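Hello,

Here is the structure I promised to pass on. Please open it first, then read my notes below.

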Amino acid sequence: MTNNDTSVTVLGLGLMGRALAGAFLRAGHRTTVWNRTPGKADELVTRGAHLAPTSEVAVRASALTIVCLTDYPAMYELLGEVELAGTTLLNLTSGDSAQARAAARWAEERGARYLDGAIMAIPQAIGTETAVILHSGARADFEAHEPVLAALGTVSYLGADHGLAALYDVAGLAMMWSVLNAWLQGTAMLRTAGVDAATYAPFARTVAAGVADWLPGYAEQIDRGEFPAEVSALETDARAMDHLIEESEALGVNAELPRLIKTMADRAIAAGHGGEQYPVLIEEFAKPR
Ligand code: NAP
């Protein structure tokens, strides 16, 4: 059910909080703001934001209160003594899934509705469709405020478990750094042959996009728990990994990352999975080392 009250409060006017409040103002929503250091509200106030004298007044001013602070302890410090009964909090502060679930219990014990979110964007992208913002918590709470939240970018709902947004956030980081590290490995190797990073980048992009296309099919194997070698067997991939390690060492570039990948593949092969397809490595990723 959509909430007809589209007023919104933003607590925390750092780089991100100011971008969030600015997007709500641009979309025409009545926007109340509060920040520990009040001067950061000045520009928003000239654009029509209402500066609340206290965080308590700010929470009371709107149907939805967005929290965007440095970390979760800052939220407890700020709202510990504030009456929250009947309000809806959306916490867009970065944290882990356990922090998100604990914050949901904390808010619900105080009579508040609670959504947790993760911002997959830089402040400059907020208000454009490239800004992806993930939400988890009760679907009804998300849907009640979705029309207002749409001012921030591409908003999506992941599920009732409050930890999901934080989990997707870190999973996205794993993807991001893995792609970047692989690219840097290749760039370091090609530079030894006089190929600069800009020349290699388009080829690397094509490979990364091609591999990304494999994910849905590989995901089906993981979800079924069956890994028939339809494209290539892990032991074939492992021989190519040796090639990558040897080439890196011969060129005098860092071979730590290729060796790590090979170590994981070797363990899976030793466990009898050499004839199966690459996603069988999920079993290596699914347990601690
Ligand atoms: P920031 O510029 O450092 O702002 C931090 C904000 O938290 C400020 O408003 C600060 O108030 C407030 N704060 C910290 N401790 C507080 C306390 N104890 N009580 C009251 N207010 C407190 O950080 P940011 O870039 O806006 O990031 C905010 C959140 O968004 C973080 O969780 C960050 O991970 C997340 N995020 C940021 C980006 C990005 O690109 N910036 C991207 C995705 C997610 P003062 O102004 O008084 O210091």
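**What I found**

Start with His29. Not counting residues up to four places away in sequence, His29 touches Thr6, Val8, Phe24, Pro147, Val148 and Ala151. Contact here means heavy atoms within 4.5 Å. The side chains of His29 and Thr6 are joined by a polar contact of 3.4 Å. A polar contact is a pair of N or O atoms within 3.5 Å; within protein, one must be able to donate a hydrogen and the other to accept it, and residues adjacent in sequence count only if both atoms are side-chain atoms. His29 sits in the loop between H1 and strand E2 (31-34). Its relative accessibility is 13%, so His29 counts as buried. Buried means under 20% relative accessible area, exposed over 50%, and partly exposed in between (1.4 Å probe, protein chains only).

A word on the source. This is a predicted model, where local features need pLDDT of at least 70 and side-chain atom pairs count only at pLDDT 80 or more, while totals for chains, interfaces and linings use all residues. Residues are numbered from 1 along each chain as its sequence is written, and side-chain values use heavy atoms, with hydrogens and water left out.

**The chain as a whole**

The secondary structure comes to 11 helices and eight strands. These are DSSP runs, numbered from the N terminus: helices are H or I with at least four residues, strands are E with at least two. The C-alpha trace spans about 65 × 45 × 30 Å along its principal axes. The chain has 289 residues, and 40% of them are buried. Among contacts with a separation of 6 or more, 61% are between residues 24 or more positions apart. The accessible surface is about 15,200 Å², and carbon and sulfur atoms hold 58% of it. Accessible areas come from the Shrake-Rupley method with a 1.4 Å probe; for residues, only the protein chains shown count as cover.

**The ligand**

Which residues come nearest to the ligand? Of the 21 residues around it, they are Met16, Asn35, Thr37, Lys40 and Ser94. A residue counts as near if one of its heavy atoms lies within 4 Å. A backbone N or O atom of Met16 is 2.8 Å from a ligand oxygen atom. A polar side-chain atom of Glu77 is 3.4 Å from a ligand nitrogen atom. For Ser94, a polar side-chain atom lies 2.7 Å from an oxygen atom of the ligand. On its own the ligand has 900 Å² of accessible area, and the protein covers 76% of that. Helix H1 (15-26) and helix H4 (72-79) are the elements that give two or more residues to the shell. H1 gives the most, with three residues.

Leu20 is in helix H1. At 0% relative accessibility, Leu20 counts as buried. Leaving aside neighbours within four places in sequence, Leu20 is in contact with Ile66, Cys68, Leu92, Ile119, Ile126 and Leu152. Leu20 and Ile66 are 46 residues apart in sequence, yet 8.9 Å apart in space, C-alpha to C-alpha.

Tyr114 is in strand E6 (residues 113-120). With a relative accessible area of 1%, Tyr114 is buried. Beyond four places in sequence, its contacts include Tyr72, Met75, Leu89, Ala100 and His162. Asn91 is another of its contacts, and a polar contact of 3.2 Å joins the side chains of Tyr114 and Asn91.

Helix H9 (residues 234-251) has 18 residues. Its first and last C-alpha atoms are 26 Å apart, close to the 26 Å expected at 1.5 Å a residue. The expected span is 1.5 Å times one less than the number of residues. Which residues of H9 are buried? They are Leu234, Ala238, Met241, Ile245 and Ser248. Seen down the axis of H9, these buried residues fall within an arc of 80 degrees, so they line one face of the helix. The arc is that of the directions from the helix axis to the C-beta atoms. An α-helix has 3.6 residues a turn, so residues three or four places apart point the same way. The face of H9 turned away from its buried side carries the exposed residues Arg239, His243, Glu246 and Ala250. Cover for the buried residues of H9 includes helix H7 (164-191) and helix H10 (256-273). Just after H9, Gly252 takes a positive phi of about 80 degrees.

H7 has 28 residues, which should span 40 Å at 1.5 Å a residue; its end C-alpha atoms are 40 Å apart, which agrees. Buried residues in H7 include Ala165, Asp169, Gln185 and Met189.

Best wishes
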